Amino acid sequence: MVGLHEEKRFEKIHNVVFSESSIGSRSIAMEIADLIRHKQSKGDVCVLGLATGSSPKGVYNELVKMHQEEGLSFHNVVTFNLDEYFPIAPNSSHSYWHFMHEYLFDHIDIDPQNINIPKGDLQESEVRKYCLEYERKIELYGGIDLQILGIGRTGHIGFNEPGSHVNSITRLVTLDQVTREDAAGDFYGKENVPRKAITMGIGTILKAKRILLMAWGESKATVVGRMIEGDISGEIPATYLQQHHNTTVVLDTGSSAYLKRIYTPWLVGGCKWDDFTTKRAVVWLCQQTGKPILKLTERDYNDHGMNDLITAYPSTYELNIKMFNALQHTITGWPGGKPNADDSQRPERALPAQKRVVLFSPHPDDDVISMGGTFIRLHDQGHEVHVAYQTSGNIAVFDEEVIRFADFYNELKNSQDNKQSGQKEFYQKIKTDILNKGTGEMDTDDVRRIKGLIRRGEARAGCRFVGLPDERAHFLDLPFYETGRVKKLPISDEDVKITVDLLRAIQPHQIYAAGDLSDPHGTHRVCLDVIFKALEVLKDDEWLKDCYVWLYRGAWQEWGIEDIDMAVPLSPDELMKKRQAIFKHQSQKDGVVFQGTDGREFWQRAEDRNRSTAKLYDQLGLAEYEAIEAFKRYHF
């Protein structure tokens with residue numbers, strides 16, 4: 001049995017891992033609440049350093065809940081925020097002043113005089129003096145008692161980008177390109193993201209008495225691993241936290257994925273060799289040695305810390321054969337099950353031969369981007385496929401597209417002999433609404449409706465290309481999404497009811513859902529949670545006992561080979577047909593509103609990802625295919 005000290009011997013910062021970010025957020029909020037109450041009991045001020053961004057939202061939600069439901073008071077709290085964009089007005093919907101009031105300050109009893117957020121509307125000539133005063137004010141209160149942090153993909157904390165000095169103080173900085181790309185969704189385009197910001201320095205942060213850094217999701221896993229296990233370097237500013245005496249990094253399952261004790265526990269010490277860990281280890285060993293599975297030798301295992309694994313088998317070859325067969329059995333050209341075949345070694349059941357299938361698509365193009373080849377295969381093999389588009393996707397349509405469609409509508413009406421009154425006024429109203437809209441401002445109801453209809457039409461075109469009848473395309477328009485903004489509502493009972501009603505009406509044998517939790521605007525995650533909640537409601541329905549749930553991934557990330565339970569190979573012709581289905585979504589081609597940091601178009605991302613998965617299977621010694629779509633089975 002490996003001791004805790006040995007298990008964490010590569011880790012240079014104390015960390016805790018929770019199964020869900022919501023649990024981790026609750027833990028942080030409880031520590032903050034305990035500190036506030038302790039300070040209140042002594043009549044002292046509690047000085048908090050606060051962060052913005054997606055990571056602390058759950059913490060702030062929990063603190064608001066504690067205030068409203070448990071009577072937690074903030075009357076003795078003084079806050080100092082880490083950073084603010086520059087230049088930016090406080091009342092801008094993109095400012096961190098706005099963020100903090102929206103998520104925390106407007107919902108608690110803090111004295112407004114005790115709120116300190118860097119001013120983004122100064123003259124640049126005033127910034128240096130202001131920053132020094134910000135430092136002095138922190139010192140006047142005796143320093144920060146507890147500082148919370150997030151971490152950017154560049155390893156920045158606050159806006160201390162790569163190259164920041166360990167002794168840096170509050171100052172004006174130039175933002176890294178990656179940081180601006182990550183913020184592009186909130187600003188409706190990278191070109192709208194400010195190039196500068198005011199931030200507390202590394203030295204300022206390290207003076208805090210206690211630091212809690214939170215990181216959620218798979219997209220943070222790589223930088224978290226480097227922060228906790230790597231050498232201290234200005235290229236990853238968060239590594240400076242290794243020098244702090246009282247820092248804890250709070251993680252969820254996704255963000256902790258690349259810590260050695262989790263990803264490669266055999267390198268740390270003794271390892272519990274279950275089937276999943278064995279598969280991961282063998283795949284990893286193949287990648288380290290450049291060998292296919294059936295060429296691995298006893299020496300390969302011994303040289304890479306796996307001698308205790310091979311002792312559990314009569315020979316290395318038997319272990320290799322077992323893992324080769326396990327991966328071989330994931331490959332199937334029959335995602336709905338092969339009729340009249342032995343299904344004991346197949347990922348799907350042979351019966352019923354024709355299955356009812358519900359394919360959930362968070363946005364109106366995820367069905368074809370993420371599993372278009374499998375979608376086509378299921379339909380062509382005679383299954384009753386239904387596509388459920390969970391959201392309208394309206395915020396991901398450029399304004400120019402709306403004007404183009406409104407212009408078409410206007411011209412069509414003008415070309416008819418029987419002209420209807422009002423169409424010209426409607427067209428002018430749409431144009432005026434868009435031209436008068438400021439950057440990041442919410443669309444009018446009419447504009448949002450047109451954007452939703454554009455995406456709905458594209459989704460229907462994609463389904464028709466596959467051969468699906470119109471009545472099998474279901475547009476759920478889940479209410480949580482319909483805010484007109486990047487920020488969405490919490491999941492409601494209505495979201496779940498809509499999903500439950502659809503599933504009960506169809507009673508599918510297969511459900512496909514997006515398990516891509518790296519979605520930069522979080523919609524995939526929320527849509528998956530809605531499905532999980534619906535399945536919980538439906539758990540006693542008899543039909544559900546004969547239903548398999550398969551999770552696919554979207555344009556941002558693919559399942560690791562060890563995670564794949566079903567791999568559907570695609571021929572070159574099938575890959576081309578998938579591309580043509582994606583092209584039906586014209587508003588999402590040639591650059592989109594929420595492109596993320598990857599400049600490739602979605603069809604290019606999907607093809608590269610599918611080809612890469614096929615190449616990995618080939619390198620492991622399995623059959624060589626043009627492309628592979630991958631799925632993980634969810635057991636409920």
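Q: Where is valine 45 found?
A: This is a predicted model. Valine 45 sits in the loop between α2 and β2.

Q: Is valine 45 buried, partly exposed or exposed?
A: Compare the relative accessibility with the cut-offs: buried is under 20%, exposed is over 50%. Valine 45 counts as partly exposed because its relative accessibility is 39%.

Q: Which residues form a nonpolar patch on the surface with Val45?
A: Leu140 and Tyr141. Together, the three residues have about 300 Å² of accessible area.

Q: Which residues does isoleucine 148 touch?
A: Leave out residues up to four places away in sequence. Isoleucine 148 then touches Ile28, Ile32, Gly49, Leu50, Ala51, Pro56, Tyr60, Leu82, Leu212 and Met214.

Q: Which residues of helix α4 are buried, and what do they pack against?
A: Helix α4 covers residues 96-103, and its buried residues are Tyr96, Phe99, Met100, His101 and Tyr103. They pack against helix α3 (57-70) and against the strands β2 (46-50), β3 (77-81), β4 (83-86) and β5 (115-116).

Q: How many residues apart in sequence are histidine 67 and alanine 33, and how many Å apart in space?
A: Read both separations. Histidine 67 lies in helix α3. Alanine 33 is 34 residues from histidine 67 in sequence, and the C-alpha to C-alpha separation is 9.4 Å. Contacts are a separate reading. Beyond four places in sequence, histidine 67 touches Leu72, Ser73, Phe74, His107, Ile108 and Asp109.

Q: Is lysine 451 buried or exposed?
A: Lysine 451 belongs to helix α17 (residues 445-466). Its relative accessibility is 2%, so lysine 451 counts as buried.

Q: What does the side chain of lysine 451 reach?
A: Look for N or O atoms within 3.5 Å. The lysine 451 side chain makes a polar contact of 2.8 Å with the side chain of aspartate 443. The lysine 451 side chain also reaches the backbone oxygen of valine 397, at 3.1 Å. Val397 and Asp443 are on the list of residues that lysine 451 touches, which also includes Asn394, Phe398, Asp399, Val402 and Lys437. That list leaves out residues up to four places away in sequence.

How values were computed. Residues are numbered from 1 along each chain as its sequence is written. This is a predicted model: local features need pLDDT of at least 70, side-chain atom pairs count only at pLDDT 80 or more; totals for chains, interfaces and linings use all residues. Side-chain values use heavy atoms; hydrogens and water are left out. Helices (H or I, at least four residues) and strands (E, at least two) are DSSP runs, numbered from the N terminus. Buried means under 20% relative accessible area, exposed over 50%, partly exposed in between (1.4 Å probe, protein chains only). A polar contact is a pair of N or O atoms within 3.5 Å; within protein, one must be able to donate a hydrogen and the other to accept it, and residues adjacent in sequence count only if both atoms are side-chain atoms. Contact means heavy atoms within 4.5 Å. Patches are made of residues with over 30% relative accessible area and no salt bridge: like charges are joined within 9 Å, nonpolar side chains (Val, Leu, Ile, Met, Phe, Trp, Tyr) within 5 Å. Accessible areas come from the Shrake-Rupley method with a 1.4 Å probe; for residues, only the protein chains shown count as cover. A salt bridge is a side-chain nitrogen of Lys or Arg within 4 Å of a carboxyl oxygen of Asp or Glu.
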